[in-house]
Amino acid sequence: MAFISSGYDPKNPLENRITDIGPRHYAEFYPPVIKKNKGKWLYHEILEPGVLMHKAEGGDEVYTVRVGAPRLLSVTLLREIGEIAEKHCKGHLRFTTRNNIEFMTETKDTCMALKDDLNSRKHKAGSFKFPVGGTGAGITNIVHTQGWIHCHTPATDASGTVKVTMDEIFEHFIDHKLPAPVRISMACCLNMCGAVHCSDIAILGYHRKPPIIDHEYIDNMCEIPLAVAACPTAAIRPSKTTLPDGREVKTVAVKNERCMFCGNCYT
């Protein structure tokens, strides 16, 4: 067998075992100046909306341009992002937890050239591909769930709601006119993986009715114990029922007044 020929010994399964088979360690991808000064940064300044400067103990400086980006990226846009990083940042960039992209340079001149390049890139309709901003006393990018792209529980999709919201408040993404930083998040269901519980403004989609049970097919379509265990309010319990043709089948019963409309039971 292949895994035996590669060195695996069934009699000593832990010998020479490789446990870290995930992605490569993030430290391998640090820009050299970041790696050199890790843990040695003195302070940072926001030079203008979307532009930051970090100062290290030894005098090194890093200039960062932050841009907003959609959470769901096309291959074409990803390639363009990579081209920008290669052109100005020696191939380095990073994504923030709120779906911003940060391009890091070592000189202010390179940073300003990078910013001008980013501002010059627009969609056919005229909007910015890479709007510079999202820092300081303004609104940063809206973090959101994946919605209908791959999740089973959403009551709504995220991308459209986030787009129209950001269109309305875009001026606050590119300036510092608010009294303080503001964080907005969008979650598509009550499970809130969109971090709405730790944001200033939350946009939340939620189901409004308890689940409808198809007794004839439920036992063939899902693991009933898992559906019962998935309910956070214990609104679901195992049950049996008799179909019109006389067959007795396993099913579930829902206590509607306990249902919080999260959608976990059908994922």
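Of the 267 residues of the chain, 35% count as buried, where buried means under 20% relative accessible area, exposed over 50% and partly exposed in between (1.4 Å probe, protein chains only). The model is predicted, with local features requiring pLDDT of at least 70 and side-chain atom pairs pLDDT 80 or more, whereas totals for chains, interfaces and linings use all residues. Residues are numbered from 1 along each chain as its sequence is written, and side-chain values use heavy atoms, with hydrogens and water left out.

The accessible surface of the chain amounts to about 16,700 Å², and carbon and sulfur atoms contribute 55% of this area; areas come from the Shrake-Rupley method with a 1.4 Å probe, and for residues only the protein chains shown count as cover. The radius of gyration of the chain is 25 Å, while a compact globule of 267 residues would have one near 18 Å. This radius is taken over C-alpha atoms, and the globule rule is 2.2 Å times the number of residues to the power 0.38. Along the principal axes, the C-alpha atoms fill a box of roughly 80 × 60 × 35 Å.

Seven helices and ten strands make up the secondary structure of the chain; these are DSSP runs numbered from the N terminus (helices H or I, at least four residues; strands E, at least two). Among contacts with a separation of 6 or more, 60% are accounted for by residues 24 or more positions apart, a contact being heavy atoms within 4.5 Å. The chain carries 32 positive and 30 negative charges, whose mean positions are 1 Å apart. Lys and Arg count as positive and Asp and Glu as negative, without His and the chain ends; each charge is placed at NZ of Lys, CZ of Arg, CG of Asp or CD of Glu.

Beyond its neighbours within four places in sequence, T64 is in contact with G50, V51, L52, H54, E102, F103 and M104. With residues up to four places away in sequence not counted, S185 touches R98, I142, V143, G194, A195, V196, S199, I201, A202 and I203. The C-alpha atoms of S185 and C198 are separated by 8.5 Å, the two residues being 13 residues apart along the chain.

Residues up to four places away in sequence aside, T153 touches C189, N191, H207, C262, G263, N264, Y266 and T267.

Two aromatic pairs are present in the structure. Rings of Phe, Tyr and Trp (its six-membered ring) pair if their centres lie within 6.5 Å; planes under 30 degrees apart count as stacked, over 60 as edge-to-face and the rest as tilted. Y26 and Y30 form an edge-to-face pair, with 5.9 Å centre to centre and 70° between the planes. Y26 is exposed at a relative accessible area of 52%, and Y30 is partly exposed at 21%. The pair of F170 and F173 is stacked because the ring centres are 6.2 Å apart and the planes are at 20°. F170 is partly exposed, with a relative accessible area of 25%, whereas F173 is buried at 2% relative accessibility.
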